[in-house]
Structure formats: C-alpha cells, structure tokens
Amino acid sequence: MARELELIISGVSLGGLYALVAFALSLTISTTRVLNVAHGVFFVWGGALFVIFSQRLKLHPALALVLLTACFFVLALLFQWGIVRSLLGRSTHRLLVGSIMATFGLGLSMESALGYTWVTFVDPYPVFTSPLAMFPVSLGGVSLSGSRLVILGFVLVMVTSFHLFLQKTFLGKGARAMAQNFDGFLVIGLNPYRLSMILFTLAIVATAISGAFYVLAVPLNPYEGLPLTLKALTVVILAGAVLGLAEVTTSQFLGAIWAPAVSLTILFLVLVLRPTGFFGKGVY
C-alpha cells in the first residue's frame, strides 16, 4: 500500500507540473493563436538557471527563485517584442505557420546555447538536478517524498492563482474574450498587443518556475525542451495526471528509458481514437 501511495503522489505531482505547463501554453495559443514551440525550452532553462543560482552560486532557494523570475520576465518581454508582436494581425494561417517556424528556430538555438554553455563552463556532464534536501513526510505510517509534496503544493497554488486571474480580474476576462472572439475583442477597443505581452509574460515565467521545481525531483538535460513542448501539447488534449501516472509507472516497472515514449504513444492513440480529446466535442 505504501508503494502504491508513493507512486500516486509522484505521478500526480509530475502530472500537475505537466498540466500547469500545458495550461500556460494553451492560454497563449487560444488567445493569440501563436504556437510557441520553444515553450518547453523555457522550462528547461528555468531548471538550469535555478541549479546555477542555488547550487553553483550558493544562493538561498527563495532568492534564486526571485532572480529566476526577474530573468524570465525580461526574456518574456523580449520574446513578445521580437516574435509575437510582429506576427499579430496576420491571417490565421500565416500566424500559425510563422509562429511555428520562428519559435522552432528559437528553441533549437536556445537548446544549443544551453548545452554548449553548460558543458563548457558548468559541468562536462550535461545533466542537472537540484540537490536541495527535502526531508520525507510521514503520513499514516507511510513515508512520502518531501520534494514531491512541495511540487504538488506549488502546482495547487499556481493553478488556483491562474483560475482567480481568469475569473476575477479585468485582464483575465479580457483574455477569455480574446480567446472567444478576436475580432469582437478588437471592436470593443481592447489592445491585443498589451494583453498578449501580459499573457506571454505570465506563461513564460510560470513555465520557468515550474522547471525550477521539476529539477527538485527529476533530472533534466539541455535538450529536453522540444520534447517537453510535445508533452505539453499532449496534455492539452489529455489529463495531466494520466500522463504523469503513466510515466511514473513505466519508469518503475520498465525503466526510466521507456518513460519518454509514453507521451508519444498516448498522443498517437488519443489522436487516432479520440481526436477531440477525452472531454472535447466535435465541431459538427
């Protein structure tokens, strides 16, 4: 029973991070129609910078998170100004194709830069994880991973914050209006450039911080960013907890080497058997 509970907590915490990253991605897609293929790369960069700040520079984890937030706030503004702003206002087809090409190139460049920099200046072994000590928590005689519980708490706080933002704030309601009818959004006089800047800033910063929490439990390497974007797209049409539980169970019984194949297999099966997603409905 203890082993099963530990697997469930591990799967739900990992799936929660996937769901949070996927929500950030879907928020920007649904509002701006910009598909950020480099989304997962920001996740990996967040984990890498957190390890550098907390482990290499010996900063307190809270200060490391503050610096991480500041860095990705600036990076998100540059991303919106350099890529998103130049694409908004184009036709849907050109917007989608242009965003895929631009962000794919950006993602490859960021992956290569991180890999080269890490191996050259940080560690010849291109894998990073946070060694922060998270003491196990005893619950009903069962010892649970402190890192997994911290990740789960972070996910709950972030999901609640995003929900309140979308439901209770003027900008959140504007984002929902922009997702439902972009032309109507323009007619009533709202500024899509300002709102897209806010949304991409929130999405990229939240994704980077998620990467910092991810490395508390799971190692990352500089080249996992684009596959993580694919996982996020998988979660958009699939429950994050299902994917997290599937990966954890696969790692436990078949080995960690098979875990990355799970998301691809699930994505393929869902697209073939249920192309609108588990809970989606067809257009017709």
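These are my notes, topic by topic.

**Ground rules**

I am working with a predicted model, in which local features need pLDDT of at least 70, side-chain atom pairs count only at pLDDT 80 or more, and totals for chains, interfaces and linings use all residues. Residues are numbered from 1 along each chain as its sequence is written, and side-chain values use heavy atoms, with hydrogens and water left out.

**Confidence**

I checked pLDDT, the predictor's confidence in each residue from 0 to 100. The protein averages 82, and 76% of the residues score at least 70. I took helices (H or I, at least four residues) and strands (E, at least two) as DSSP runs, numbered from the N terminus. Contact here means heavy atoms within 4.5 Å.

**Aromatic pairs**

I paired rings of Phe, Tyr and Trp (its six-membered ring) if their centres lie within 6.5 Å; planes under 30 degrees apart count as stacked, over 60 as edge-to-face and the rest as tilted. The count comes to 7 aromatic pairs. I looked up Phe 79 and Phe 200: their ring centres are 5.5 Å apart and their planes at 50°, so the pair is tilted. Phe 79 is in helix H3 (residues 61-87) and Phe 200 in helix H8 (residues 192-214), so the pair ties together parts 121 residues apart in sequence. For burial I used relative accessible area: buried is under 20%, exposed over 50%, partly exposed in between (1.4 Å probe, protein chains only). Phe 79 is buried at 4%, and Phe 200 is buried at 1%.

Next I took Trp 118 and Phe 128. Their ring centres are 4.8 Å apart with planes at 45°, so this pair is tilted. Trp 118 lies in helix H4 and Phe 128 in the loop between H4 and E1, so the pair links parts 10 residues apart in sequence. Both residues are buried. I also noted one aromatic cluster formed by Tyr 18, Phe 43 and Tyr 214.

**Core**

I defined a nonpolar core as a set of buried Ala, Val, Leu, Ile, Met, Phe, Trp, Tyr and Cys residues joined through side-chain atoms within 4.5 Å. The largest one has 64 residues, and Phe 42, Phe 79 and Phe 128 are among those with the most contacts inside it. H8 supplies the largest share of this core, 11 residues. I listed the contacts of Phe 42, leaving aside neighbours within four places in sequence; they include Phe 72, Phe 79, Met 110 and Ile 204.

**Two serines**

I found Ser 130 in the loop between helix H4 (92-122) and strand E1 (137-139). Ser 130 is buried at 6%. Not counting residues up to four places away in sequence, Ser 130 touches Phe 50, Val 51, Val 215 and Leu 216. Ser 147 is in helix H5 and is buried at 9%.

**Helix H6**

I then turned to H6, where Gly 172, Gly 174, Ala 175 and Met 178 are buried. Seen down the axis, the buried residues of H6 fall within an arc of 160°, taken from the directions from the helix axis to the C-beta atoms. On the other side of H6, Phe 170 and Gln 180 are exposed.
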